[in-house]
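Here are my notes on this one, as numbered points. Have the viewer open while you go through them.

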Amino acid sequence: MSWLDEEIEINGTKNTVRMWLRISGLKYDTVRERYKKGKTGADLFASVDIRNIKIQIRNEVHTVKEWAKISGLDEEVIKARYYKGKRGIDLIAPTQKNKIWGKWYYRGITAKPKTRQSAGKIIIETW
């Protein structure tokens, strides 16, 4: 019997892990990691809404929207990094420029960091 076929009861409703995955829309890996950490029942399938999370970086606490304004990155880039497990300064690190295509990337996500001009030179804001 696979782990996916185990039955779990949440709020009086009994389903297999496989069915709860379909209902919740969460990824298998997310639920599996929670299971390994000892979560059970409804905690296994609780969704995470990143919009309400306060993120601390270098003793500063802000929401994702605020960090997007501060760093010059798109809010979706920061969210994608957060969901991939990035924390701290890695969430708002500047993107790398692909010299061949001339686009800004951070691990496959297109974005462009904030730039400013100083004495005729373009300066890329870095952390």
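1. Start with Trp 67, which sits in helix H3. This is a predicted model, and in it Trp 67 comes out buried, with a relative accessible area of 3%. If you skip the neighbours within four places in sequence, Trp 67 is in contact with Ile 55, Ile 57, Glu 60, His 62, Ile 78 and Ile 92.

2. Not counting residues up to four places away in sequence, Val 64 touches Ile 50, Ile 53, Ile 55, Glu 75, Ile 78 and Lys 79. The C-alpha atoms of Val 64 and Ile 53 are separated by 7.5 Å, and these two residues are 11 apart along the chain. Ile 55 and Ile 78 turn up in the contact list of Trp 67 and again in that of Val 64.

3. Now the helix pair. Two packed helices are described by the angle between their axes and the distance between the axes. Here, helix H3 (residues 64-71) packs against helix H4 (residues 75-83) at an angle of about 120°, and the axes are 9 Å apart. Angles of 65 to 115 degrees would count as roughly perpendicular and those over 145 as roughly antiparallel, so H3 and H4 are oblique to each other. The crossing of H3 past H4 is right-handed.

4. Who does the touching between these helices? On the H3 side you'll find Val 64, Lys 65, Trp 67, Ala 68 and Ser 71, and on the H4 side Glu 75, Ile 78 and Lys 79. By type, the residues of this contact split into four nonpolar, one polar and three charged.

5. Is Leu 91 buried or exposed? Buried, with a relative accessible area of 1%. Setting aside neighbours within four places in sequence, Leu 91 is in contact with Ile 55, Ile 57, Leu 73, Ile 78, Arg 81, Tyr 82 and Lys 86. The C-alpha atoms of Leu 91 and Leu 73 are 9.7 Å apart, and the two residues are 18 apart along the chain. Ile 55, Ile 57 and Ile 78 are among the contacts of Leu 91, and they are also among those of Trp 67.

6. Next, some backbone angles to look at. Most residues other than glycine have a negative phi, and most peptide bonds are trans. Asn 11 has a positive phi of about 50° although it is not a glycine. You'll find Asn 11 in the loop between strand S1 (7-10) and S2, where it counts as exposed at 77% relative accessibility. Arg 58, again not a glycine, has a positive phi near 50°. Its place is the loop between strand S3 (55-57) and strand S4 (60-62), and at 56% relative accessibility Arg 58 counts as exposed.

7. Gly 25 is in the loop between helix H1 (17-24) and helix H2 (28-36). It is exposed, with a relative accessible area of 60%. The C-alpha atoms of Gly 25 and Ser 47 are separated by 8.9 Å, and 22 residues separate them along the chain.

8. For the overall layout, the chain has four helices and nine strands. From the N terminus on, they run β-β-α-α-β-β-α-α-β-β-β-β-β. Buried residues make up 30% of the 127 residues. Among contacts between residues at least 6 apart in sequence, 32% join residues at least 24 apart.

9. Last, confidence. The chain averages a pLDDT of 76, and 74% of the residues score at least 70. Strand S2 (residues 13-16) has the highest confidence, at 90, whereas strand S9 (residues 121-124) has the lowest, at a mean of 47. Over residues 117-127 the pLDDT is below 50, and beyond near neighbours in sequence this stretch has 22 contacts in the model.

Definitions and conventions:
Residues are numbered from 1 along each chain as its sequence is written. This is a predicted model: local features need pLDDT of at least 70, side-chain atom pairs count only at pLDDT 80 or more; totals for chains, interfaces and linings use all residues. Side-chain values use heavy atoms; hydrogens and water are left out. pLDDT is the predictor's confidence in each residue, from 0 to 100. Helices (H or I, at least four residues) and strands (E, at least two) are DSSP runs, numbered from the N terminus. Contact means heavy atoms within 4.5 Å. Axes are lines fitted to C-alpha atoms, for helices over the stretch in contact, and angles run from 0 to 180 degrees between N-to-C directions. Angles under 35 degrees count as roughly parallel, over 145 as roughly antiparallel, 65 to 115 as roughly perpendicular and the rest as oblique. A crossing is left-handed if the near helix is turned anticlockwise from the far one by less than a right angle, and right-handed if clockwise. Ala, Val, Leu, Ile, Met, Phe, Trp, Tyr, Cys and Pro count as nonpolar, Asp, Glu, Lys and Arg as charged, and the others, Gly among them, as polar. Buried means under 20% relative accessible area, exposed over 50%, partly exposed in between (1.4 Å probe, protein chains only).
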